[in-house]
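Biologist: Could you take me through how strand pairing and burial are read from a set of coordinates, beginning with the general idea and then turning to the case at hand?

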Amino acid sequence: MLNEFDREKSVDHLVRAALKAVAPHGMVLIIEPGTRSASKGLIRLREDTKKYVPIAGPCLGARTCPYAKMPRAGWCFSELHGEEPEWYTPLREAAGIQQARLTYSWLSFGPPRPHKTPVARVISGWMKAGHYLCTDEGRILVQGLHGRPRRGALLDLERQHRAGLKRRR
């Protein structure tokens, strides 16, 4: 976990070493717990390293992470849903963890994957006002998402617009 390193220089050194170890068009993937502090660390790492290496994800081309600009507005994480293993349920309950979902934050370095149509990543749960999406323009608020996409899901914006997606101002 990156927050266990003593200094940001150590994290930068680790990222540079990992990038040297992969093939020329390879990628480096860092996965951290889906906590506010872990996400903030990855956001800081993204902002520091984007000067010398392309960011492949979860960002979709925005020059600056929306949460780097507005750190109190939230943090970036994804969710996995599914059935938890039998052994995990009593452990989770004993620890006082209510939700049975796995959350994680991630950052990938390397050549970004081109998309055939405009895409956005879901960065909020459902709210009366809609959902927040991260796009190449930054964070936007929309209403009318088709389906119930999970946090972290990648959406085809053209398909969502055809299904009634509306951008809120």
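Modeller: Two strands are said to pair if DSSP finds at least two bridges between them. With that in mind, and remembering that this is a predicted model, we can look at strand 5 (residues 119-122), which is joined to strand 6 by two bridges, the two strands running antiparallel.

Biologist: Which residue of strand 6 is the bridge partner of Arg121?

Modeller: The partner of Arg121 is Cys134, and Cys134 also stands opposite Arg139 in strand 7.

Biologist: How many bridges are there between strand 6 and strand 7, and what joins these two strands?

Modeller: Strand 6 pairs with strand 7 (residues 138-143) over five bridges, again in the antiparallel sense, and the two are joined by a hairpin through two residues.

Biologist: Why is strand 6 described as largely enclosed by the rest of the structure?

Modeller: A residue counts as buried when its relative accessible area is under 20%. Strand 6 covers residues 131-135, and four of these five residues are buried, so the strand is largely enclosed by the rest of the structure.

Biologist: Turning to a loop, is Phe77 buried or exposed?

Modeller: Phe77, which lies in the loop between helix 3 (66-69) and strand 3 (78-80), has a relative accessible area of 9% and is therefore buried.

Biologist: Which residues is Phe77 in contact with, leaving aside its neighbours within four places in sequence?

Modeller: Among them are Arg101, Thr103, Tyr104, Arg151 and Gly34. Gly34 is 43 residues from Phe77 along the chain, yet their C-alpha atoms are separated by 5.3 Å.

Definitions and conventions. Residues numbered from 1 in each chain as written. Predicted model: local features only at pLDDT ≥ 70, side-chain atom pairs only at ≥ 80, totals over all residues. Heavy atoms only, no water. Buried < 20%, exposed > 50% of the residue type's maximum accessible area, 1.4 Å probe, protein only. Helix = DSSP H or I, 4+ residues; strand = E, 2+ residues; numbered from the N terminus. Contact = heavy atoms within 4.5 Å.
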